[in-house]
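Please look at the structure below with its ligand in view.

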Amino acid sequence: MATERPASNGGPVEAVDAPRQGVKQQAMAQALAPPLDRLTTNQGLLLSDNHNSLKAGARGPTLLEDFILREKITHFDHERIPERAVHAHGAGAHGFFQVYESEAAITRAGFLCDPSVQTPVFVRFSTVAGSRGSADTVRDARGFAVKFYTPEGNFDLVGNNIPVFFIQDAIKFPDLVHAVKPEPDSEMPQAASAHDTFWDFVTLMPETTHMLMWVMSDRGIPRSLRMMEGFGVHTFRFVNAHGESSFVKFHWKPRLGVHALTWDEAQTLAGQDADFHRRDLWEAIASGQFPEWELGVQVVPEADEHRFAFDLLDPTKLIPEELVPVRRIGRLVLNRNPDNFFAETEQVAFHPGHLVPGIDFSNDPLLQGRLFSYTDTQLSRLGGANFHELPINKGVCPMHNFQRDGMHRQSIASGRVAYEPNTLANGEEFRVDGRSFDPVGPSGFTSLPEALEPPKVRARSASFDEHYAQARLFWISQSAPEKDHLVAAFQFELSKLQTPAIRQRMVDTLAHVDADLAQRVAAPLGTKPPDKAAATAWPGFREGPVIAGLAPSPSLSMAVGKSAGIATRKVAILVADGVNSAAVRAVQQALAAEGAMSKLVGPTLCPVRCAGGEPLAVDATLDNAPSVLFDALYLAPTEAGAEGLAGDARALRAVEQACRHGKTVAASGSGALLIAAVGVDPKRPGVLVNPSDDAPAAFTAAMVTAMSQHRHWGLEAPTSRAKR
Ligand code: HDD
């Protein structure tokens, strides 16, 4: 057994063999130690019975002296810790990050300078508003927090899947969170922004407009955590070994492309599989299909700080990729699921101020407030100042200082010295005069010696006053279906409000973004026509400059870019008695060759009988595996005379739903009867019918191509789309 004692300079973490037992005592300890397959108390006492408490007679009262019962119940009573104030619901995974080439020219961060090094990471994804047990697929921003365990200390990049934030100054964060969380009197609604208090707040805070556009877009309902971008949001700084600094925005670009659910699908999934995203991440890693992202940077030289029409320090603005291209500098791979959700995913503690030399923060006032909030929140969430000693938070580098004691201290610091400077910790060799070791030095983290402008004021820079240009840029950069979805999302959320005046304020605000957008959103809501002037006609509103003549930014659309293929996509193969197993095998093989997964879904869990008479095992049933769990359907053919699934309401529902959600639906032979039964035109994009009972190579290739487009928006039912 090893305990920890301080490093020779007084730090607390060198591991040493502790027990100085003789050989005889060790042998005795081993003989008496509880076997690994037996239960013990927390003190190591072997249990003889884990089913019955100690009683005064078999039917009598339980005795207070039952310390075994009390220990077990007491521990259970204290199992829960406070959930995170925001981002309570999440999923995590281990992996590594590796830089492609040395970035020493711009940063001295060691893990970004050595391409041979794989830096271990732990990543936690989250929704923001929902409680710990809420559903995965709600409309919300997603947290994307990465902890890099570098030899120079932990670096945390605590970002979101949306590149901008709602507010500009951290002092508004408690108000924002109180507004979006369930309303305090009723604790409703859970994990949803579609309620009065959220829209009341955001319509009074015009700076929220840009992020509202992103959250109401399909980015707010990702298909998978593996298929979303991540952003550091704020402008950070890189500093190189010469002390030269540049500004930097961080991006995570997923290898599998950026994809979304449909709103109807997201809502259905919240009931069918509330853990849809967590399960998807877990299963991908467990099956060896490791999710990957590339780290991208937009680097702005110090001299260009004021070159943009917006302020680099304003977190409600992004730098369009057309202005400053994103350079991909390394890759992140998630390759190991946690062993224990609580110990790792729940107890991990991120903090934007966990930095390494070579990376620094900027004066973004939102980021500045975050630097205080994250450590502070862990004190109540993780019960004291020693949360850095929890295994998931502990750095891989040695840690030396004289911070001592506190709740839940794990390491055992020995010696009588807990201060610096000292001459005592290291014995005779170090003295006050001419001491040979310096506990701090220039290789350590130094804050950039930045010149600051007095006076001290409680104010916001006028360069933060413009709120609508990038919201408009986002709108004009969306494809037609993306615009439809965005309009429908605004309509849905605003339709849930009980206070008409708030609804009106939002459509008035949208008139500042785009007149067509505002009118389309307003059309079914029964508001007065959008009134631009009314949105800003209140005391204290500071009108920013009007920025006209924006050109679309293609990188803001999810529809742009080449397809990332169908790797890891999931296909349901619907089978019934009399199925043609050769066709099923051909489709399975074609999908597997592209890295996609398939499941055989049958009427029950009993094997179906193939046309040749042999049994074919199924993986799931039409009841427990609805179409929303899959990216595409293949309707397998059955032999002449077999009943097939065309009369099965569950199969018809699967086909209807898949079509409504714009998914690829392919069929061979009699499988096409299901498509006819739900009244879908077999010639519509995304619907593929092979008339014969087989699945030839050209047919499976067409299926793969169709699936690689992700969705066929023309297939969506008009009811799920907003009017153009
Ligand atoms: Fe925050 C958690 C991301 C602004 C205060 N935040 C938290 C998490 C993420 C973010 C991903 C979850 C980390 C985890 O998985 O444990 N937060 C952001 C982003 C922001 C942002 C991208 C803006 C750009 N946050 C922000 C502000 C404040 C906070 C302005 C307060 C002034 N955030 C917190 C917090 C949380 C948190 C209350 C809750 C749990 C935690 O920190 O550890 O301190």
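A residue is called buried when its relative accessible area is under 20%, exposed when it is over 50%, and partly exposed in between, using a 1.4 Å probe and protein chains only. The model is predicted, so that local features need pLDDT of at least 70 and side-chain atom pairs count only at pLDDT 80 or more, while totals for chains, interfaces and linings use all residues. Residues are numbered from 1 along each chain as its sequence is written, and side-chain values use heavy atoms, with hydrogens and water left out.

Threonine 119 counts as buried because its relative accessibility is 2%. Threonine 119 belongs to strand β4 (residues 119–127), strands being DSSP runs of E of at least two residues and helices runs of H or I of at least four, numbered from the N terminus. Beyond its neighbours within four places in sequence, threonine 119 has contacts (heavy atoms within 4.5 Å) with Gly95, Phe96, Phe97, Phe111, Phe148, Tyr149 and Thr150.

The ligand is surrounded by 21 residues, each with a heavy atom within 4 Å of it; the closest are Arg84, Arg124, Arg370, Tyr374 and Gln378. The table lists polar contacts, that is, pairs of N or O atoms within 3.5 Å.

| Side chain | Ligand atom | Distance |
|---|---|---|
| Arginine 124 | oxygen | 2.7 Å |
| Histidine 87 | nitrogen | 3.4 Å |
| Tyrosine 374 | nitrogen | 2.7 Å |

Two or more residues of the shell come from each of β5 (142–150), β6 (153–160) and α9 (365–381), and α9 gives the most, with six residues.

Note on methods:
Polar contact = N/O pair within 3.5 Å; in protein donor to acceptor, adjacent residues only side chain to side chain.
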